[in-house]
Amino acid sequence: MKKKKILTPKIIGKIIVAIIIIAAFIIIPLPGVVSRYMLKVYNDGLIYFIAALGLSVMLGMGGQVTYSTAGIMGVGAYITAILSTKYGWNTGLAIIVALIAGAIFSFVVGLALFRLKGSYFSFASIGLTNLLVTIFSNWMEMTEGPDGITRIPKLDVGFMKFTDFNSYFRLLFIIAIICYLFVLRLRKTSYGRALASVRDNEITAASFGVNCYMTKVYSFVIAGVFACLAGGLYAVHAGFISPEPFKYDQSAIYLIMIMLGGVDSTFGAFLGASLLTIIPEKMRWLNEYYKLIYGVGVIILMIFMPMGLMGIIDNFKYKMIGKIKKRKQSNAIETEAN
Amino acid sequence: MERVLLEVRDVNKAFGGVITAKNVDMKVMAGEIHGLIGPNGAGKTTLLNLISGIYEVDSGHIFFEGNEITNLPAHKRARLGLGRTFQSPRFMNRASIKDNLELGTDLRNQFTYIQSFFGKKGADFYSELEELMEIAGFTFDWNEHITSLPYGQQKLLEIVRAMLAHPTVILVDEPAAGLNKQEQERVSLLLRKAVDSGMGVVLIEHTMEMVMNICDNITVLNFGEVIAKGKPQEIATNPQVIEAYLGGENDA
Amino acid sequence: MVLQLFITGISMGMLYALMAMGLILIVKAVGVLNFAHGQLFMLGAYITWSLTNQLKLPLWAMIIAMIVCFCIVGLSFMFTVYWPLRNSPWKVTVVISTLGASIALKEAVRLIWSFIPLLSKPLIDKVIRIGDAVMNVQYIFIIIISGALMLFVYFLFEKTFIGKIMQATAQNRYAAELIGIPSVVAIAGTYMISMCMSGVGGWLAAPLFLVSQSLGTFAQKAFAGIVVGGFGSIKGAVVGCVLVGLIESFSILITDAYKDAVVFGVLILVLIIRPTGIFGEKIEEKA
């Protein structure tokens with residue numbers, strides 16, 4: 001046995017990351033560091049990140065292309081909003097109820113949708129989102145239709161009230177980290193492996209005792225709960241919801257987030273979500289051409305880096321490690337020769 | 001010793017008009033390597049798929065350790081202890097070797113997902129893996145990507161993975177195809193190791209030398225029908241079998 | 001009233017079916033869905049609008065120009081969105097690339113033609129009366145033209161040599177190339193035909209709905225029709241789409257606002273009751 005080194009490069013790296021995270025957590029919401037507007041953008045980015053994380057379980061780990069993320073996020077948002085405005089519930093409680101309802105809803109819907117496979121599942125998930133959006137836009141008594149629900153009370157969890165963007169930033173930050181760690185852990189469990197085996201080949205998965213159908217349904221539930229959480233937080237953060245951000249087009253954006261960041265990486269979901277929320281803000285000078293460039297950009301992205309940004313980084317690391325190994329080997333051979 | 005692990009009774013299967021299994025009967029005992037041979041298209045892989053539950057039988061029964069499993073889905077059969085490998089190795093191509101092997105140990109542990117999430121540890125399989133890898137005759141860094149292994153090693157590793165799951169019966173589909181002599185030898189050793197620990201093995205193989213050397217019993221299929229059964233020596237001299245093989249060659 | 005709803009339903013269904021058939025042809029040829037299909041439909045409406053209203057071509061010239069344009073669009077779509085990704089080990093990349101294309105097309109159309117909906121005149125601007133039903137001739141026109149087009153393509157694929165070649169390529173590209181069928185030709189052909197079908201659909205739909213970017217959402221009904229009809233079967237998709245059109249049109253009797261919800265509700269219901277769709281057969285996967 002080798003003696004254990006305490007400060008391996010890996011651990012040093014982890015410490016650095018932790019310091020960056022803590023620094024961001026403390027510094028960004030301080031008054032005067034970023035403008036109120038940009039803080040709102042960051043908060044939105046964190047909310048999108050939570051929803052995207054759920055999708056990364058389905059798409060990255062399970063290989064299922066779903067267009068339901070935004071729709072189910074809407075379910076969470078509307079349940080939270082309706083309970084807290086129409087029935088005067090506490091918002092914290094409303095979000096929890098929304099999560100439970102979201103889990104049950106995704107389970108039942110998942111059971112139905114996963115009777116289809118591959119592309120046909122994707123078709124049906126579009127149907128689901130459209131169905132939900134139709135309900136959001138037309139059930140006037142509950143959802144106020146296309147005008148949306150206004151004056152949703154701020155989040156209140158009893159001992160703490162979240163009223164400004166700064167406090168929301170901290171809250172969202174913590175929730176996002178918890179969700180992130182959850183997904184990271186999931187990758188290491190038998191469920192993560194089961195999901196990965198389903199993605200690569202369902203027959204192989206089944207011959208290793210994996211119930212493909214239920215495994216996919218569970219992934220849909222996980223994605224659904226994450227989306228509902230994001231939806232509930234979206235509602236209390238913005239204070240206003242309309243059907244607009246829960247439409248099919250938005251679902252497509254979540255897919256692109258994952259693909260941009262890197263489909264095999266949990267951190268990629270963060271990269272993708274933050275890039276796709278911040279880039280539009282920084283690219284305002286492109287005006288009307290922005291979306292065209294964005295669309296073309298997606299195609300180019302798929303052609304040149306199908307595994308996303310993290311894919312490129314991993315590739316680079318892989319090559320570097322390979323080079324180091326080779327160098328070591330050649331050194332060893334040289335010393336032997338000497 | 002003479003314990004029947006797997007019994008196929010009167011199984012039929014047709015795809016459209018093509019009959020791929022016709023009244024097939026087969027018994028696999030504990031501790032035997034049961035060879036399944038026949039010309040190309042004889043329905044060997046189909047039979048394997050019927051046993052492992054990927055296809056449903058049209059009629060007939062399949063028993064596993066005395067219990068009927070005819071109508072069980074594939075994943076439940078696997079959990080009962082029916083392992084298998086594939087003609088071309090099937091791994092999770094975007095995962096490390098470790099993850100791929102752990103897919104096998106997951107099947108052995110059979111923890112629920114929640115148990116696994118909270119870190120329940122299964123039996124340590126590392127010493128077992130080392131033992132198996134010694135037989136397989138190569139080493140690897142298990143954080144490497146699975147695709148970094150050459151084809152032959154992937155095929156060997158697939159058998160290892162199936163064995164890590166501790167199945168009762170293991171269905172092996174053409175393990176030696178595309179391997180060199182040395183690697184074929186390793187495959188035989190691995191399969192011997194499997195039966196020595198009490199498993200039953202069903203082996204599909206085209207390399208006659210290997211089949212004749214390591215199989216205890218052989219079933220010969222042609223056009224979905226069993227045309228001969230018996231010890232390797234009997235099969236080698238069976239006129240029907242010779243005709244089937246020669247006939248097949250004439251056609252080709 | 002019932003007759004009117006029936007004809008509207010069928011003609012809408014035919015429009016969806018035009019798209020669905022094109023989609024399935026692409027799925028069969030390259031194994032991937034095209035999520036920009038609705039945008040191709042929309043593009044068809046815009047192109048034909050420009051040909052008739054801006055270039056003021058007579059009908060026969062317009063039709064020829066239209067087909068040429070659609071073929072060019074189909075070709076360039078295939079070479080930008082699918083071809084560079086054909087060897088990608090992961091099909092999802094192609095799916096996402098079509099998503100990107102749908103965004104880009106929508107925006108390109110908005111930049112070229114602006115977002116103001118355009119008015120397109122029907123070929124025969126008349127209404128007919130059948131009993132007490134009053135309806136635009138365009139509906140009948142849609143049924144006839146799209147029906148004829150679909151029959152034509154169906155026979156092209158199922159009965160002719162060209163169709164056999166395309167099917168062979170779809171089933172095994174490698175084998176097809178071995179016997180000398182260049183897959184690029186077959187795939188390009190499929191994309192062109194598929195684009196022509198969607199484009200013609202857009203042309204036919206234009207007079208009933210204004211020419212606007214919202215035409216792109218029609219594809220979602222086509223998706224629904226494909227699922228209802230059964231996987232991968234052309235016949236199933238057509239029947240499924242017509243059913244979707246009928247459901248949509250008759251749902252007006254019950255509700256107006258929830259028209260879409262009824263369609264997708266039925267879709268999910270079908271999934272629960274008969275997951276393989278109406279015409280779908282249980283397909284056993286190749287192990």
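A residue is called buried here when its relative accessible area is under 20%, exposed when it is over 50%, and partly exposed in between (1.4 Å probe, protein chains only). By that scale A:Cys212 is buried, with a relative accessible area of 9%. The structure described is a predicted model, in which local features need pLDDT of at least 70, side-chain atom pairs count only at pLDDT 80 or more, and totals for chains, interfaces and linings use all residues. Residues are numbered from 1 along each chain as its sequence is written, chains are lettered from A and ligands numbered from 1 in the order in which they are written, and side-chain values use heavy atoms, with hydrogens and water left out.

The cysteines make a friendly starting point. A disulfide is a pair of cysteine sulfur atoms within 2.5 Å, and a search of the whole structure finds zero of them over all chains.

Attention now turns to the place where chain C and chain A meet. With contact taken as heavy atoms within 4.5 Å, 43 residues of chain C are in contact with 45 residues of chain A. Buried area is the accessible area (1.4 Å probe) that two parts lose on being put together, summed over both. Between chain C and chain A this area is about 3,900 Å², and carbon and sulfur atoms give 78% of it.

A salt bridge requires a side-chain nitrogen of Lys or Arg within 4 Å of a carboxyl oxygen of Asp or Glu, and the rule finds one across the interface of chain C and chain A. The partners are C:Lys106 and A:Asp249, whose side chains meet at 3.2 Å, N to O. A polar contact is a pair of N or O atoms within 3.5 Å; within protein, one must be able to donate a hydrogen and the other to accept it, and residues adjacent in sequence count only if both atoms are side-chain atoms. Two residue pairs, both at pLDDT 80 or more, are in polar contact across this interface.

Helices (H or I, at least four residues) and strands (E, at least two) are DSSP runs, numbered from the N terminus. On the side of chain C that touches chain A, helices H3 (59-82), H4 (91-113), H9 (218-229) and H11 (259-273) of chain C each supply at least two residues. The largest share, 15 residues, comes from H4(C). For sorting residues by class, Ala, Val, Leu, Ile, Met, Phe, Trp, Tyr, Cys and Pro count as nonpolar, Asp, Glu, Lys and Arg as charged, and the others, Gly among them, as polar. Sorted this way, the side of chain C that touches chain A has 30 nonpolar, seven polar and six charged residues.

Over all chains, the count comes to 21 salt bridges. One of them pairs A:Arg193 with B:Glu102 at 2.8 Å, N to O. A:Arg193 lies in helix H8 (residues 190-200) of chain A and B:Glu102 in helix H3 (residues 97-109) of chain B, so this pair joins two chains. A:Arg193 is buried at a relative accessible area of 8%, and B:Glu102 counts as buried at 14% relative accessibility. A:Arg193 and B:Glu102 also belong, with B:Lys98 and B:Asp106, to a network of salt bridges.

Another salt bridge lies within chain B, where the side chains of B:Lys13 and B:Asp58 meet at 3.8 Å, N to O. This pair links distant parts of the chain, 45 residues apart: B:Lys13 is in strand S1 (residues 4-15), and B:Asp58 is in the loop between helix H1 (44-52) and strand S4 (59-64). B:Lys13 is buried, with a relative accessible area of 5%, whereas B:Asp58 is partly exposed at 47%.

Two residues of chain A complete the picture. A:Thr143, in helix H6 (residues 140-143), is buried with a relative accessible area of 2%. Its side chain reaches the backbone oxygen of A:Phe136 at 2.6 Å. A:Ile152 sits in the loop between H6 and helix H7 (165-188) of chain A and counts as buried at 5% relative accessibility. Leaving aside neighbours within four places in sequence, A:Ile152 is in contact with residues including A:Ala81, A:Val236 and A:Phe240.
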